[in-house]
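Subject: Structure handover

Hello,

Here is the structure we talked about handing over. My notes on it follow below the display.

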Amino acid sequence: MTTTTVSTVVGAVNGPDGLAPDWDAIDWGSCRAEVERLRRRIFTASRDGDRARVRNLQKLMLRSRSNVLLSVRQVTQRNAGRSTAGVDGQVALTSTTRAELAARILSGEMKTWSPLPVRRVHIPKAGDKTKLRPLGIPVMMDRCLQAVVRNALEPEWEAQFEARSYGFRPGRGCHDAIEAIFATLGSRSAQRLWILDADLKAAFDRIDHQHLMSMIGSFPGAGLIWQWLKAGVIDKGSFFSSEEGTPQGGVISPCLLNIALHGLEHAAGVRYERSGGVKRLTKRASPVVVRYADDLLAGPSWIS
């Protein structure tokens with residue numbers, strides 16, 4: 001990729017071709033506003049059940065220059081693993097290499113890209129340093145493309161996810177889950193106060209690929225997601241195929257986990273009252289399920 005090509009592509013985002021601004025001169029505020037606007041439109045269409053509009057907007061997001069630039073910036077400048085390379089040994093730590101990476105995606109490489117295996121490393125498990133957990137590190141191009149795809153996929157599902165699902169979701173955190181538990185158990189009308197505390201063992205590693213893809217359906221980036229799932233793993237120099245699971249450490253993996261686990265409330269028999277067509281309160285004697293990623297609490301409580 002020549003410097004001229006990079007300058008032309010990046011310049012087209014912020015002004016007429018030929019101005020050739022460098023990476024640090026990009027108007028990131030405008031990029032964020034454009035991506036947030038598209039995410040809101042996808043969310044609204046999904047909430048309204050307009051599947052055709054959702055798909056058209058997702059295609060627009062996948063082609064968005066602003067989405068590509070923000071995704072490359074997030075992966076190469078802001079994420080904690082930006083200086084950690086995948087199996088190809090490549091990182092992008094300078095303005096020039098970041099611009100080159102964005103230019104490759106903008107030139108259409110997403111359509112022809114073949115994902116590479118992830119590099120598996122083992123790191124101490126949080127809360128128990130004597131145990132190790134596997135972490136999958138995709139190559140830099142795959143990480144950037146996953147960020148691009150996530151911005152198209154995530155808002156569709158944010159309009160559908162259960163109300164008491166909190167882990168790996170924008171604008172939600174562990175304190176929200178704690179508040180939901182307190183609100184349920186602290187209510188005067190709470191009944192039969194017992195709790196099932198469950199942790200889905202190796203949840204990232206056990207995701208069924210066929211089930212996940214059936215949930216994703218006709219999403220325009222589904223083919224690339226399937227390739228990521230099947231890309232395999234390099235562990236201590238040996239290749240292992242990936243018949244199930246999604247690598248813990250992939251940019252899109254948390255979103256895929258939430259999609260795969262969507263429906264736990266229905267499976268547990270959670271039922272809601274309806275007021276004006278909007279689900280708000282659980283029915284009397286209905287169980288309550290509060291989930292944070294692969295950890296969940298369930299109990300047959302009811303709140304008014």
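A pocket, as the word is used here, is an open set of grid points with protein on both sides within 12 Å along at least five of seven lines, on a 1 Å grid over the protein atoms alone. Its volume is the space filled by probe spheres set on the points. Please keep in mind that this is a predicted model.

**Overall**

The protein chain has 304 residues, and 43% of them are buried. Eleven helices and nine strands are found in the chain.

**The largest pocket**

The volume of the largest pocket is about 980 Å³. Its lining has 36 residues, and those nearest the pocket centre are Arg133, Leu135, Phe204, Gln248 and Gly249. Three elements each give at least two residues to this lining: strand 2 (128–137), helix 6 (140–158) and helix 10 (253–261). Strand 2 has the largest share, with seven residues. By residue class, the lining of the largest pocket holds 17 nonpolar, eight polar and eleven charged residues.

**Cavities**

A cavity differs from a pocket in that a 1.4 Å probe fits there but cannot get out. Three cavities of 30 Å³ or more are counted in the model.

The largest cavity has about 110 Å³ of space. Twelve residues line the largest cavity, and Thr184, Leu185, Ile195, Val288 and Gly299 are the ones nearest its centre. Helix 7, strand 8 and strand 9 each contribute at least two residues to the lining. Nine of the lining residues of the largest cavity are nonpolar and three are polar, with no charged residue among them.

The second largest cavity has a volume of about 40 Å³. Its lining is made up of Leu116, Val118, Pro138, Asp142, Gln146, Trp228, Ala231 and Pro247. In this lining, six residues are nonpolar, one is polar and one is charged.

**Ser46**

Ser46 is part of helix 2, which covers residues 28–47. Ser46 counts as buried because its relative accessibility is 12%, and the cut-off for buried is under 20%. The Ser46 side chain comes to 2.7 Å from the backbone oxygen of Glu156. Apart from neighbours within four places in sequence, the residues in contact with Ser46 are Val54, Glu156, Ala159 and Gln160.

Phe168 is not a glycine, yet its phi is positive, near 60°. Phe168 belongs to the loop between helix 6 and helix 7 (174–185). With a relative accessible area of 39%, Phe168 is partly exposed.

Ala293, also not a glycine, has a positive phi of about 60°. The loop that holds Ala293 runs between strand 8 (288–292) and strand 9 (295–299). Is Ala293 buried or exposed? Its relative accessibility is 5%, so Ala293 counts as buried.

**Aromatic pairs**

The count of aromatic pairs is three. In the pair of Trp23 and Trp28, the ring centres are 5.1 Å apart and the planes are at 65°, so this pair is edge-to-face. The angle cut-off for that class is over 60 degrees. Trp23 and Trp28 are both buried.

**Gly221**

Gly221 sits in the loop between helix 8 (209–216) and helix 9 (222–229). Gly221 counts as buried because its relative accessibility is 5%. How far apart are Gly221 and Gln58 in sequence and in space? They are separated by 163 residues in sequence, while their C-alpha atoms are 8.6 Å apart.

**For quick reference**

| Item | Value |
|---|---|
| Largest pocket, volume | about 980 Å³ |
| Largest cavity, space | about 110 Å³ |
| Second largest cavity, volume | about 40 Å³ |
| Ser46, relative accessibility | 12% |
| Phe168, relative accessible area | 39% |
| Ala293, relative accessibility | 5% |
| Gly221, relative accessibility | 5% |

Regards

Terms used:
Residues are numbered from 1 along each chain as its sequence is written. This is a predicted model: local features need pLDDT of at least 70, side-chain atom pairs count only at pLDDT 80 or more; totals for chains, interfaces and linings use all residues. Side-chain values use heavy atoms; hydrogens and water are left out. On a 1 Å grid over the protein atoms alone, a cavity is a set of points where a 1.4 Å probe fits but cannot get out, and a pocket is an open set with protein on both sides within 12 Å along at least five of seven lines; lining residues have an atom within 4 Å of a point. Helices (H or I, at least four residues) and strands (E, at least two) are DSSP runs, numbered from the N terminus. Ala, Val, Leu, Ile, Met, Phe, Trp, Tyr, Cys and Pro count as nonpolar, Asp, Glu, Lys and Arg as charged, and the others, Gly among them, as polar. Buried means under 20% relative accessible area, exposed over 50%, partly exposed in between (1.4 Å probe, protein chains only). A polar contact is a pair of N or O atoms within 3.5 Å; within protein, one must be able to donate a hydrogen and the other to accept it, and residues adjacent in sequence count only if both atoms are side-chain atoms. Contact means heavy atoms within 4.5 Å. Rings of Phe, Tyr and Trp (its six-membered ring) pair if their centres lie within 6.5 Å; planes under 30 degrees apart count as stacked, over 60 as edge-to-face and the rest as tilted.
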